[in-house]
Amino acid sequence: KSLKSGASSLDAIPSVGVPGGLFGFYVGAWNYIKNGRDLTEEGYLKNPGGAFKVAFMHRWLVIVNGQAMIEDLRKAPDDFLSSAEGNNAMLHLEHVLGYEQLHDPYHVPVVRTSLTRNIGICFPSLRTEVVAAFEDLVPAKTDEWITVHAMQTILPVVSRVSNQLFIGLPKCRDPDYIKITTQFALDVAKDALLLHLIPSSLRSLAARLFGHLETSTRNIMKHVGPMIQHRIEMDDKYGPDWPNGDRPNDLISWLLDEARGHPERRTVRNLTHTLLHLNFAAIHTTTQGFLHAFYTLASHPEYVQPLREEIESVTKSEGWTKAAMGKMVKLDSFMKESSRLAPGAAVGVMRKALKDFTFSDGTTVPAGTLIALPILAEHHSQANYTNGGAFDPFRFSRMREEAGEGIKHQMASLTHDFLTFGLGRHACPGRFFAVNEQKLIMAHVLVTYDFKLKDGVSAEDEWVWIVGSANKTAEIMFKKRS
Ligand code: HEM
């Protein structure tokens, strides 16, 4: 039904990759699954500063581009263009992450405020965890190279460091806990895909029968259930002021602060869902971004020296602190440039129109339409970047040297031409943590090891549908620096 009514009212918007004929839409949907990245680029180049539509599974997706339309999307209120409903249409959040995760997302302000504010205070334990994780997972010596599987090494490092902030020691190091949380993110993607193929009236049932949420919740509760129960009881009794001031400073406490006066949020189950959800939001995204940058660096050894010099000089004067990370402008630029060329997805910043919506150029989409931005094409565009297709690691640090351009070109800043973290009110609230974490891990690797890609390994992303992933099988060789 939505396809039919949507199709007729979206007539004025040109389509890409969809042939005519009776089954044209479905051929187009298949084309987009096979070739989503290139078709998006094609639509972008044919419709500069405008809109085009692609066959996206079983519905149209309208992709808008250019500064003016991106600004329209950024400014649109939630009751016109909904981010929650956009993400729900992509991921079926209420089924794969839990009903309350869609309908009461109170973790978002917690991540934006308490978690972000605590990065500096928690930085020493984050750094300790990075050092300990590499000692365990990359036990290289100075006199010989060792080879490790890149993804299987970095994923648990990122999980340990993220969960140091979420729940602290000892659980953040527990291999079974790490396995469940990292596997959960992959299961979410699988469940969402399955639910795309099932009519909406049967989704709830299908999610209960075939989905992974219940099992993962049960398994993770075995690890954190008693701890969370204890924290709720202590919070009921003492609020934030525990005797001797020994209340842990972690995500569970920050969530409980925000959950005061909301009994439905203060349950082991609700807090466990939130913990799983944030593991899903944080770990694979950060790992992917890091790995792409790491492969790029390993295949461009000429950039190692300038980065090492910056890291060694900053840590000499500042130590390993959040302020030090802020001063590593070349490293920030390197990571941002890598993310510009490999943002993880060709389209993103998904919104669903809840009412008919008219863009400033007059393009109108009816209520129910899914809308997104062509992230990768904007990132490549010559209109946004000189030599936009080329990797220029210090382009952003050079921009930052220009007077008055300080903050704007940092990796965590949101601009219309850098969309890795989204845009506007619903942009990623975890981006300050993600950037600090990626820089901390990269800085540690750079000062601790020499490294190189095993022969023949590709630093290029692998693309399926609209998703670009860092090489999953690559091996990296490490030797400890003397
Ligand atoms: C490099 C790593 C990361 C990337 C690339 C990334 C990217 C994104 C993007 C593109 C969005 C949607 C923005 C939009 O629709 O406009 C988002 C949302 C979100 N991210 Fe991240 N993210 C990362 C790490 C994290 C981390 C570490 C956390 C938590 C600590 C986190 C928590 C969230 C949450 C809670 C949302 C939903 C925001 C809302 O609905 O308002 N992310 N992220």
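The paragraphs below take the sheet, the helices on it, and then the ligand shell. The model is a predicted one.

The sheet is open and has 5 strands, in the order S1-S2-S8-S5-S3, and its pairing is mixed. At its edges lie strand S1 (51–56) and strand S3 (81–82), each of which pairs on one side only. As background, strands of a sheet pair through backbone hydrogen bonds, either parallel or antiparallel.

S3 and S5 pair in the antiparallel sense, over 2 bridges. Ser 82 has Lys 352 in S5 as its bridge partner, and Leu 81 stands opposite Ala 353 in S5. The pairing of S5 with S8 is also antiparallel, with 3 bridges between them. There, the bridge partner of Arg 351 is Ile 371 in S8.

Is S5 buried or exposed? Of its 6 residues, 6 are buried, so S5 is largely enclosed by the rest of the structure. A residue is called buried here if 20 or more other C-beta atoms lie within 10 Å of its own.

Helix H2 (residues 24–46) lies across S1 and strand S2 (59–64), and runs at about 155 degrees to S1. Helix H3 (residues 67–75) packs on the sheet, where it touches S1, S2, S3, S5 and strand S8 (370–373). The direction of H3 makes about 125 degrees with that of S8.

The ligand comes next. It is surrounded by 26 residues, and the closest are Ala 282, Thr 285, Gly 422, Cys 428 and Gly 430.

Which element gives the most to the shell around the ligand? That element is H14, with 6 residues. By class, the shell has 15 nonpolar and 11 polar residues, and no charged ones.

The shell can also be described by domain. At least three of its residues come from each of domain 1 (1–96 + 345–381) and domain 2 (98–340 + 401–416 + 420–480).

Methods: Residues are numbered from 1 along each chain as its sequence is written. This is a predicted model: local features need pLDDT of at least 70, side-chain atom pairs count only at pLDDT 80 or more; totals for chains, interfaces and linings use all residues. A residue is near a molecule or strand if its C-beta atom, placed from the backbone, lies within 6 Å of it. Helices (H or I, at least four residues) and strands (E, at least two) are DSSP runs, numbered from the N terminus. Ala, Val, Leu, Ile, Met, Phe, Trp, Tyr, Cys and Pro count as nonpolar, Asp, Glu, Lys and Arg as charged, and the others, Gly among them, as polar. Domain bounds come from an automatic or database domain assignment. Two strands pair if DSSP finds at least two bridges between them. Two residues are in contact if their C-beta atoms, placed from the backbone, lie within 7 Å. Axes are lines fitted to C-alpha atoms, for helices over the stretch in contact, and angles run from 0 to 180 degrees between N-to-C directions. A residue is buried if 20 or more other C-beta atoms lie within 10 Å of its own, exposed if 12 or fewer, and partly exposed in between; C-beta atoms are placed from the backbone.
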